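The sequence and the model are shown first.

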Amino acid sequence: MTETASPPDLAAAEQWLIDHVPGLEPPLRFLPVHGGHSNITTRVSGRTGSVALRRPPYGVLPRGAHDVVREARTVAALAGTGVPVPEVLAICTDEVVVGAPFAVTAWIDGTVVGAPEQVAAVLPRPADRQRVADEMIATLATLHRVDPALIGTEPRAASYVERQLGRLGETWTAIKTRELAQVTELAARLLDARPRQPRTGIVHADFRLGNCMLSADGHLLAVLDWELAARGDVLADLAYLLNNWESADEAGTPVWMQTPPTRAGGFPGRAALIERYQELTGFDTDATSYYRGFAAWRMAVIAEGVKHRYESGALADAGVDYGYLERRVRDLLAQCDGHLRTSGA
């Protein structure tokens, strides 16, 4: 990661940051944090330290997506619950400042292990990989036992799965780059087979190793990227983690979005994660296969959105493998179908 000139829109926020973020002293430097296709994170450094600035992606965005203000308020609400999150320092709802709302959190010095080749440097031994898996499951269990009213959500008539299927169905219609009848067919199966009495709590909705900040010795410092968090079915979180928890012997099979770091090997298997989650929460996990299907369908729509943004020019496409973007959506739909068959749906 190399330092670059301040992006014009963020440079325009310099005075706002100096006025609203305690202890941030000029001159300021802006260093983009690369990786991912979601909200844009920038490290802002001053004479006395650094903070993280989050703003939405550029281009036309789906309704309700990439809400950095809501994300920051969720993170602030979770402070003190035992769920490790960055401290929220400031929120700007005035779009005039940079052209979009943004939020500022404390900068956490650590490492995000987002790919298999990064694992050895931070988690060199199987014992290290076991420990971080234990810490992740303990964090997920803690989150799922937090009162969901804490993040200001109220119970709704429609279930989480029903709401997600409806909203993402609308998203698919708006961003699809070709017709895929399987998307609506699988959505109908998911709707018909949804659990009638789900365990409800706060769902992170993107809980994976690549969204965890680790210390130099491989301990979990913070969970990042809370933009999708909502009141919902907690097993959807566990299932999402399981789908992303691929083992070394799965090499050569379709990957879950990006290649998960767990493909480096040496991590406990999915069954061990489920068992530990059950021990910590006491929750019934019988519907896990259904939720793994739901997670795969949901990610297929999100993957199509990434494909759409590349093809529309909203994301720079140098070196992008469009054939892979095409296959990834179909692979995720096939995974959904397989998990639903396993669950009997």
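## Backbone geometry in the loops

D225 is located in the loop between β9 (220-223) and β10 (230-233); helices (H or I, at least four residues) and strands (E, at least two) are DSSP runs, numbered from the N terminus. The phi angle of D225 is positive, near 55 degrees, although the residue is other than glycine. With a relative accessible area of 23%, D225 is partly exposed; buried means under 20% relative accessible area, exposed over 50%, and partly exposed in between (1.4 Å probe, protein chains only). The model is predicted: local features need pLDDT of at least 70, side-chain atom pairs count only at pLDDT 80 or more, and totals for chains, interfaces and linings use all residues. Residues are numbered from 1 along each chain as its sequence is written, and side-chain values use heavy atoms, with hydrogens and water left out.

A205 also is not a glycine and has a positive phi, of about 80 degrees. This residue belongs to the loop between β7 and β8. A205 is buried, its relative accessible area being 4%. Another backbone feature concerns the peptide bond from P26 to P27, which is cis, with omega near 0 degrees. P27 sits in the loop between α2 (14-20) and β1 (29-33).

## Surroundings of L209

Which residues does L209 touch, not counting those up to four places away in sequence? They are V113, V132, M136, L214, P261 and F267, where contact means heavy atoms within 4.5 Å. L209 itself is placed in the loop between β7 (200-203) and β8 (212-214). Its relative accessible area is 2%, so L209 is buried.

The C-alpha atoms of L209 and P260 are separated by 8.1 Å, while the two residues are 51 residues apart along the chain.

## Aromatic pairs

The whole structure contains 5 aromatic pairs. Rings of Phe, Tyr and Trp (its six-membered ring) pair if their centres lie within 6.5 Å; planes under 30 degrees apart count as stacked, over 60 as edge-to-face and the rest as tilted. For Y160 and F294, the ring centres are 6.2 Å apart and the planes stand at 70 degrees, so this pair is edge-to-face. It links distant parts of the chain, with Y160 in helix α6 (residues 160-175) and F294 in helix α10 (residues 288-312), 134 residues apart. Both Y160 and F294 are buried.

The pair of W245 and F267 is edge-to-face because the ring centres are 5.6 Å apart and the planes lie at 80 degrees. W245 and F267 are both in the loop between α8 (234-244) and α9 (270-281), 22 residues apart. W245 counts as buried at 4% relative accessibility, and F267 counts as buried at 13%. F267 is also one of the residues that L209 touches.

## Two helical positions

Q15 lies in helix α2. Its relative accessibility is 48%, so Q15 counts as partly exposed. Between the C-alpha atoms of Q15 and P26, which are 11 residues apart along the chain, the separation is 9.0 Å.

G323 is part of helix α11 (residues 322-343). At 30% relative accessibility, G323 counts as partly exposed. The C-alpha atoms of G323 and P56 are separated by 27 Å, and these residues are 267 residues apart along the chain.

## The chain as a whole

The chain has 11 helices and 10 strands. Its radius of gyration is 20 Å, close to the 20 Å given by the globule rule for 345 residues, so the chain is as compact as a globular protein of that length. The radius of gyration is taken over C-alpha atoms, and the globule rule is 2.2 Å times the number of residues to the power 0.38. The C-alpha trace spans about 60 × 45 × 40 Å along its principal axes.

Of the 345 residues, 49% count as buried. Among contacts between residues at least 6 apart in sequence, 70% join residues at least 24 apart. The chain exposes about 15,400 Å², of which carbon and sulfur atoms supply 51%; accessible areas come from the Shrake-Rupley method with a 1.4 Å probe, and for residues only the protein chains shown count as cover.

The mean positions of the 34 positive and 42 negative charges are 3 Å apart. Lys and Arg count as positive and Asp and Glu as negative, whereas His and the chain ends are not counted. The place of a charge is taken as NZ of Lys, CZ of Arg, CG of Asp or CD of Glu.
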